[in-house]
Structures are given as C-alpha cells and as structure tokens.
Amino acid sequence: MQRNLVTKSDLASALAEVSQIPYFDCSSAQIHPEILRLIPAAMAKRCSALAIREEGAKLLVAMAEPQNLHILDELRFKTGMEILPRLAFRQELDDSIDRSYGLLAAEAPSVVEPEKVTVDSPIQFVSSSSQERNVEAMREMQSELAAKSRTTPAVLVVASMIRAAAEKGASDIHIEPHATETAIRFRVDGTLRDHRRIPRNLQNSVASRIKILSDMDIAERRAPQDGRFLVKIGERKIDLRVSTLPTQYGETVVMRLLEGNAPLQPFSGLGFPPWMAEKLKLMLFYPQGMILVTGPTGSGKSTTLYSSLNVIRRPSVNIITVEDPVEYELTGLNQVQVNTKAGLTFANSLRSILRQDPNVIMIGEIRDKETAEIAIKAAQTGHLVLSTLNQ
C-alpha cells in the first residue's frame with residue numbers, strides 16, 4: 001500500500017475476505033466517552049484495541065489482531081461483554097486510540113477514580129485477630145466506607161478490588177508496583193488477567209491499608225510478611241490470606257481468596273461433568289490408595305480436595321490433614337498446620353499421623369521426595385491418601 005501497488009480499500013477488502021472479520025475504518029471515528037471507559041487507555045494501547053459501540057450485550061472492538069484469542073479473552077474478562085472484533089490497520093488504530101483517549105482525558109482531568117463501591121451488596125471487613133489495634137482498624141475501614149464524603153482513595157481501591165475479584169471468581173489478587181504505575185491483576189481459572197492500573201503514588205497507601213487489615217507491621221517494608229482477614233459481601237464470607245514481598249519499586253501484595261462455603265460445594269458446583277463426579281465418588285470410598293489432584297496455581301486443587309473430604313467425612317472415619325497453611329476449617333477433620341520453624345514439616349507430620357490410626361490422610365501438597373515416599377507407603381498400607389501436585 002505504501003508503494004501504491006494496492007489501494008487501502010482493496011487491501012482492507014482482501015484481508016476481511018481472508019479473515020472473515022469485517023474491516024472498520026477508525027481514522028475518523030467519534031466514540032462516546034462511556035464506551036471508551038469500558039477499556040482502560042493503557043490496556044487499549046497494549047492490546048491495540050479500541051471499543052467502538054455497544055450492540056446489546058456485545059461490544060464492537062476495532063483490533064490490529066482480531067484473531068488473537070488471548071487478547072479477545074482479556075477484553076471479554078475486563079468488559080464482561082462478548083467481543084465482536086473488527087479488523088483495523090495498526091497505525092490508524094494507534095492514532096485513533098491516542099486521539100480518543102486524549103480527548104477523554106482533556107474532558108475529565110486525571111484524578112484517581114477508584115471503581116464505585118455500590119451499596120447493592122455491602123462489603124463488611126471482619127478481623128481475624130484478637131488484638132484491639134486490628135479490631136479498631138476494621139472499625140475505621142467500615143466507618144470510612146459508610147461516610148462516603150471522607151472516604152480516602154486507598155480505602156475505595158481496596159474495597160472495590162476485593163468486590164470485583166469476588167464477582168469475577170478470582171482465586172488471587174496481585175498488586176504489583178512498577179516504575180510509573182501499579183498494576184492490579186486477578187487470577188481467574190489459573191490465568192492472571194489485568195484488572196486495572198492505579199497511580200504510583202497510591203501504592204504505599206494501598207499496601208499499608210491491606211497490611212493494617214491483615215494485622216501486619218506497616219513500618220516493616222524490607223522483609224516479607226503474612227497475614228489474613230475476612231470480608232462479608234452480601235451472604236458470602238471470604239477469607240483473604242495476604243502475603244507481602246519487598247521489590248525494586250515497593251511491596252508486592254498477593255491476596256488468596258478462600259470462599260467460606262467452597263468445601264461444601266458438590267462436584268457439579270466445581271465444574272465436574274456428571275460422569276467424572278461419579279467416578280471420583282467411587283474412588284473416594286476405596287479402603288486404600290492415592291488420589292492426586294494436579295493443575296496450575298489457582299486452578300482449584302485444594303477446593304477439590306476439601307469437597308472430596310466433605311463427601312467421605314462421617315463419625316466412623318478418622319480423617320487427618322497436613323496443610324501449609326490450613327485453608328478451610330471443616331468440622332469432623334483433624335487438621336495439622338505445618339510449622340517448619342518448629343521442625344513440623346510435611347514429612348515429620350506424616351510419620352506422626354501414621355501412628356494416629358487414620359483412615360484418610362490429606363496432604364496439602366507433595367513438595368519433596370521424602371514426603372512422596374511416605375505418602376506412597378501410607379497408600380500401600382491401608383490408608384486412602386489425597387494430595388496435590390503443582391504442574
């Protein structure tokens with residue numbers, strides 16, 4: 001086209017015919033601000049994708065790579081809408097993105113705009129610590145959310161990201177500081193997906209707010225810390241396990257979301273097809289053997305194990321678990337928390353458990369050769385062993 005061997009319209013028609021995706025000329029497109037806000041500017045530039053208009057529950061998007069399934073999945077996740085891709089030339093698209101978002105920024109000065117916290121399903125923060133300072137921090141957080149006029153940006157960011165993660169079924173929230181901004185990402189179905197970006201100057205405030213809620217030392221920023229707190233969103237109870245790690249640009253924060261009712265869900269609620277659920281139920285009542293659940297981080301391995309234990313727990317069965325940490329509390333189980341500092345490792349715990357006359361042993365994760373050898377021996381000597389392996 002640059003050498004005048006083919007016209008723009010001819011090339012666009014040929015590409016549309018080959019790809020079966022219609023061409024959209026975005027060089028002079030005028031897009032409504034509300035449509036633009038469906039895809040953040042940073043994401044639009046990174047994906048070379050520009051939202052054009054809504055068509056019912058579908059969103060028409062001009063893309064430089066309309067057949068890129070990963071980008072389509074990201075856009076679908078971010079907008080919550082079905083994406084109708086349209087082909088666009090990259091240079092025209094990039095120019096249109098710069099122009100459209102430039103006009104949007106000019107109309108509304110750049111301020112921190114945390115997602116609005118709706119009152120449809122109020123979020124309530126619950127302390128998991130008996131310390132008065134942590135209980136007081138929860139009260140302060142709750143009162144700030146209630147008094148919208150004096151709610152700080154950090155409080156809104158924390159509340160909105162937890163609500164959004166719960167709504168999207170995320171297993172983890174990642175807060176990652178970079179040189180110019182801080183990325184907030186969710187792990188959904190085992191895959192990390194961008195949620196939003198916040199200004200760099202909000203990073204420390206957000207991290208400190210989460211550390212206060214988790215009963216951590218907010219003055220300590222040079223060493224990793226762990227903590228936890230609980231939230232209630234409507235009828236849902238979610239346990240958040242929090243971990244911080246110092247990095248070059250500040251502390252990264254990872255929050256693991258554990259649904260309170262997750263271990264009580266039937267296999268069908270976890271996405272198991274009926275034939276697979278029946279097969280697993282039969283295996284769970286074998287007197288001995290080993291069942292391994294494998295998959296990437298956040299894919300639901302622990303939840304599957306707990307749902308399995310919920311199927312077989314009864315007064316006549318002695319079930320003992322070894323975990324690091326204990327993720328869900330389930331009545332009728334004897335749950336052991338690994339403590340490496342005190343010498344209570346997976347392997348040492350398993351040796352002691354075998355003297356406790358268990359019927360079923362659940363090992364949170366097989367991490368080393370020694371644990372694997374003991375688990376296999378237990379499975380061969382009259383015990384049903386359930387565990388996970390990371391892929």
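Thr303 lies in helix H10 (residues 301-312), where helices (H or I, at least four residues) and strands (E, at least two) are DSSP runs numbered from the N terminus. The model is predicted: local features need pLDDT of at least 70, side-chain atom pairs count only at pLDDT 80 or more, and totals for chains, interfaces and linings use all residues. Residues are numbered from 1 along each chain as its sequence is written, and side-chain values use heavy atoms, with hydrogens and water left out. Thr303 has a relative accessible area of 17% and is therefore buried; buried means under 20% relative accessible area, exposed over 50%, and partly exposed in between (1.4 Å probe, protein chains only). Apart from neighbours within four places in sequence, Thr303 is in contact (heavy atoms within 4.5 Å) with Ala262, Leu270 and Tyr328.

The protein chain contains 12 helices and 15 strands. Of its 391 residues, 45% are buried. The C-alpha trace spans about 80 × 50 × 40 Å along its principal axes. The accessible surface of the chain, from the Shrake-Rupley method with a 1.4 Å probe, comes to about 20,400 Å², and carbon and sulfur atoms account for 52% of this surface. Among contacts with a separation of 6 or more, 56% are between residues 24 or more positions apart.

Five strands form an open sheet in the order E11-E15-E14-E12-E13, with parallel pairing; two strands pair if DSSP finds at least two bridges between them. Strands E11 (289-295) and E13 (334-337) are the edge strands, each pairing on one side only. From one strand to the next the twist averages 15°. Seven bridges join E11 to strand E15 (residues 384-390) in the parallel sense, and Val293 stands opposite Thr388 in E15. Helix H11 (residues 346-353) lies across strand E12 (319-323), E13 and strand E14 (360-363), running at about 165° to E12. Axes are lines fitted to C-alpha atoms, for helices over the stretch in contact, and angles run from 0 to 180 degrees between N-to-C directions.

A further parallel pair is formed by strand E2 (residues 58-63) and strand E3 (residues 82-87), over six bridges. In this pair, Ala62 stands opposite Arg86 in E3. Together with helix H4 (residues 69-79), E2 and E3 make a right-handed β-α-β unit; a crossover is right-handed if, with the strands pointing away from the viewer, the path from the first strand over the helix to the second runs clockwise.

Not counting residues up to four places away in sequence, Ile173 touches Met161, Ile162, Ala165, Ile184, Arg185, Phe186, Val253, Val254, Met255 and Leu257.

Helix H8 (residues 203-213) is largely enclosed by the rest of the structure, because eight of its 11 residues are buried. These are Gln203, Val206, Ala207, Ser208, Arg209, Ile210, Lys211 and Leu213. Just after H8, Asp215 takes a positive phi of about 65°.
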